[in-house]
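Good morning, colleagues. Please look at the structure as I speak.

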Amino acid sequence: MIRNPHDDAELLALVRRYVTPGRRYLKLGGGLLRMRSPDRDRFMRDLCDDAALITADEITKLLEGGWRERRTAAWLVAVSRRTEFRERLGELLLASEVCCAGLAYSVALASFGTARDADLLAAYLDRYLRRPDLGYDQTVVMGALQFIYLNLGGGQADRFRQRDGLWQQWLQDAPHMQDDSDPTPSALSLIRRLCAFIDECAEAR
């Protein structure tokens with residue numbers, strides 16, 4: 001069940017504390033890459049401070065909310081390196097109950113960067129590449145999976161990308177994919193740059 005902050009006083013307090021100040025939830029994603037100092041430095045400092053302060057119970061509560069709460073919680077998890085939320089993020093990604101949060105889950109898993117994180121991303125692709133009618137987060141998940149295996153030196157992403165594999169079939173059949181270009185390079189670049197931001201946060205902390 002997705003909780004509405006207006007029906008849950010505890011969740012509403014967390015939203016006001018972590019999600020909405022400065023419209024943070026809107027900036028967590030590609031918007032980060034357009035920020036410049038001093039705004040970027042201030043944003044990073046505040047995000048790092050909150051990632052250190054928020055409790056596991058508060059993160060769990062935010063992950064029960066809508067897309068704004070879940071997106072913010074996933075970023076706080078990534079910045080604070082709380083790998084104990086790995087499985088939960090994988091579950092939420094696979095369920096795809098809300099829009100606009102899949103990139104945050106993918107970035108968090110990519111930033112953890114282990115074979116288990118790759119397994120969780122691959123589970124998503126196994127399900128949703130078979131659904132060309134759903135334009136969900138297939139491209140950013142593929143980018144995240146590629147990012148992990150470029151770092152690990154493995155090639156699990158290759159089984160999706162082989163000739164006549166699920167990835168090529170999805171690109172061909174998905175009606176929202178209008179041209180012949182493979183979006184993986186741009187998705188990989190996005191994931192790489194967002195993970196670099198997370199690495200900066202780790203160094204700052």
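**A helical chain and its salt bridges**

Let me begin with Gly 90, which lies in helix α6; helices here are DSSP runs of H or I with at least four residues, strands are runs of E with at least two, and both are numbered from the N terminus. What we have is a predicted model, in which local features need pLDDT of at least 70 and side-chain atom pairs count only at pLDDT 80 or more, while totals for chains, interfaces and linings use all residues. Residues are numbered from 1 along each chain as its sequence is written, and side-chain values use heavy atoms, with hydrogens and water left out.

Is Gly 90 buried or exposed? With a relative accessibility of 7%, Gly 90 counts as buried. The term buried means under 20% relative accessible area, exposed means over 50%, and partly exposed lies in between, with a 1.4 Å probe and protein chains only. Between the C-alpha atoms of Gly 90 and Thr 20 there are 24 Å, and the two residues are 70 apart along the chain.

Now to the chain as a whole. It has 12 helices and 0 strands. Its radius of gyration is 17 Å, close to the 17 Å that the globule rule gives for 205 residues, so the chain is as compact as a globular protein of that length. That radius is taken over C-alpha atoms, and the rule is 2.2 Å times the number of residues to the power 0.38. The C-alpha trace spans about 50 × 35 × 30 Å along its principal axes.

Of the 205 residues, 51% are buried. As for contacts, meaning heavy atoms within 4.5 Å, 71% of those between residues at least 6 apart in sequence join residues at least 24 apart.

I turn next to the salt bridges. How many does the structure hold? There are 16 salt bridges, each defined as a side-chain nitrogen of Lys or Arg within 4 Å of a carboxyl oxygen of Asp or Glu.

One of them pairs Arg 70 with Glu 97, with the closest N and O atoms 2.9 Å apart. Arg 70 sits in helix α5 (residues 67-79) and Glu 97 in the loop between α6 (86-95) and α7 (102-112), so this pair ties together parts that are 27 residues apart in sequence. Arg 70 is buried at 2% relative accessible area, whereas Glu 97 is partly exposed at 45%.

Another joins Asp 199 to Arg 81, and here too the closest N and O atoms are 2.9 Å apart. This pair links distant parts of the chain, with Asp 199 in helix α12 (residues 184-204) and Arg 81 in the loop between α5 and α6, 118 residues apart. Both partners are partly exposed, Asp 199 at 36% and Arg 81 at 31%.

Asp 126 and Arg 159 form a further salt bridge, with 2.9 Å between the closest N and O atoms. Asp 126 belongs to helix α8 (residues 115-128) and Arg 159 to helix α10 (residues 158-161), distant parts of the chain that lie 33 residues apart. Asp 126 is partly exposed at 23%, and Arg 159 is partly exposed at 40%.
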